[in-house]
Amino acid sequence: MTKPLSSRIALVTGASRGIGYFTARALAKAGAHVIAVARTQGGLEELDDEIRKDGGSATLVPLNLTDSDGIVRLAAALHERHGKLDILVGNAGVAGPSSPLGHIELKSWNDVMAINLSANFQLIRCMEPLLRQSDAGRAVFITSAAASQANAYLGPYAASKAALETLARAWAHETASTPLRVNLFNPGPTRTRVRATVFPGEDPSTLETPDQVAELILPMCAPAWTETGRLYDYPTRTLQSFRAPA
């Protein structure tokens with residue numbers, strides 16, 4: 001039986017653990033060939049083992065997304081090998097420091113912006129030509145409620161996600177007349193390492209698991225998905241046009 005994403009090429013960042021890991025597995029199980037990007041080789045190899053057990057296939061790309069030239073090289077390699085990209089899931093992210101803004105070093109601020117915002121900008125620049133070669137290019141960026149809640153002591157993280165939302169929405173407007181669809185996904189409180197870093201006293205058993213979240217990212221990657229410039233809010237299971245300031 002033909003799988004729903006057969007012959008489709010999907011790139012997932014932050015694929016070695018958490019939401020990215022399970023999204024990559026879900027995409028592969030649905031038939032996509034997954035380009036799995038992460039810093040940790042060991043995590044990628046574990047992902048590859050699980051994808052193979054499920055009967056899927058993946059290409060492993062150990063890459064720090066602060067390496068802008070590395071993203072350029074990745075796009076060139078995808079062009080040479082596949083000639084297109086059907087799915088982009090911008091999942092990689094860091095929590096950054098939990099501290100009052102006045103106590104945060106500039107380097108820490110820049111580190112958060114480099115991964116959460118600038119890397120996604122570089123992915124847009126480099127992958128858009130490949131996504132336009134697809135008959136139904138789909139891009140999904142993972143955001144957070146912090147973007148609108150502006151949580152105290154999480155300023156860099158909140159600001160980076162708010163900027164990411166605006167960036168994705170602007171790209172959606174720019175590509176509205178093309179087959180490319182660009183959307184955001186807010187997983188809400190999820191049992192991930194990033195969440196545990198920010199909220200160390202939280203009981204993880206009370207949280208949704210990354211595999212549960214990944215199952216609802218999957219439909220947004222499919223050719224049948226026609227919405228663009230929207231935000232899917234997992235905690236409320238609603239598709240939102242935009243999120244006004246809290």
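Which segment does Ser-7 lie in? Ser-7 sits in the segment before β1, with strands and helices taken as DSSP runs (H or I of at least four residues for helices, E of at least two for strands) and numbered from the N terminus.

## About the model

This is a predicted model, and residues are numbered from 1 along each chain as its sequence is written. Local features need pLDDT of at least 70, side-chain atom pairs count only at pLDDT 80 or more, totals for chains, interfaces and linings use all residues, and side-chain values use heavy atoms, with hydrogens and water left out.

Most residues other than glycine have a negative phi. Ser-7 is also exposed, with a relative accessible area of 60%; here exposed means over 50%, buried under 20%, and partly exposed in between, using a 1.4 Å probe and protein chains only.

Ala-150 also has a positive phi, near 50°, and is not a glycine either. You'll find Ala-150 in the loop between α5 (146–149) and α6 (155–174). At 56% relative accessibility, Ala-150 counts as exposed.

## The largest core and Phe-185

The largest nonpolar core has 33 residues, and Leu-5, Leu-27, Val-34, Phe-185 and Ile-217 touch the most other members. Helix α1 gives the most, with six residues. There is also a second, separate core of 32 residues, which includes Leu-74, Leu-85, Leu-164 and Trp-171.

Now for Phe-185 itself, which lies in strand β6 (residues 181–186). Phe-185 is buried, with a relative accessible area of 0%. Leaving out residues up to four places away in sequence, Phe-185 touches Val-140, Phe-141, Ile-142, Thr-143, Val-213, Leu-216, Ile-217, Met-220, Tyr-232 and Tyr-234, where contact means heavy atoms within 4.5 Å. Phe-185 and Asp-233 are 48 residues apart in sequence, yet their C-alpha atoms are 6.2 Å apart in space.

## Helix α1 and its partners

Two packed helices are described by the angle between their axes and the distance between the axes. The axes here are lines fitted to C-alpha atoms, for helices over the stretch in contact, and angles run from 0 to 180 degrees between N-to-C directions. For α1 and α8, the axes come within 8 Å and cross at roughly 55°. That makes α1 oblique to α8, since angles under 35 degrees count as roughly parallel, over 145 as roughly antiparallel, 65 to 115 as roughly perpendicular and the rest as oblique. On the α1 side, Gly-18, Ile-19, Phe-22, Thr-23 and Ala-26 meet Pro-210, Asp-211, Val-213, Ala-214, Glu-215 and Ile-217 of α8. Those residues divide into seven nonpolar, two polar and two charged; Ala, Val, Leu, Ile, Met, Phe, Trp, Tyr, Cys and Pro count as nonpolar, Asp, Glu, Lys and Arg as charged, and the others, Gly among them, as polar.

With α2, the axes of α1 come within 10 Å and cross at roughly 30°, so α1 is roughly parallel to α2. Tyr-21, Ala-24, Arg-25 and Ala-28 of α1 make this contact with Glu-46, Leu-47, Glu-50 and Ile-51 of α2. By class, the contact of α1 with α2 has five nonpolar, no polar and three charged residues.

## Helix α3 against α4

Helix α3 (residues 68–81) packs on helix α4 (residues 106–132) at an angle of about 20°, with the axes 10 Å apart, so α3 is roughly parallel to α4. Ser-68, Ile-71, Val-72, Leu-74, Ala-75, Leu-78 and His-79 in α3 meet Ala-119, Gln-122, Leu-123, Cys-126, Met-127 and Leu-130 in α4. The contact of α3 with α4 has ten nonpolar, three polar and no charged residues.

Take Ala-75, which is found in helix α3. At 8% relative accessibility, Ala-75 counts as buried. Beyond residues up to four places away in sequence, Ala-75 touches Cys-126, Met-127 and Leu-130. Ala-75 and Ile-9 are 66 residues apart along the chain, and their C-alpha atoms are separated by 12 Å.

Terms used. A nonpolar core is a set of buried Ala, Val, Leu, Ile, Met, Phe, Trp, Tyr and Cys residues joined through side-chain atoms within 4.5 Å.
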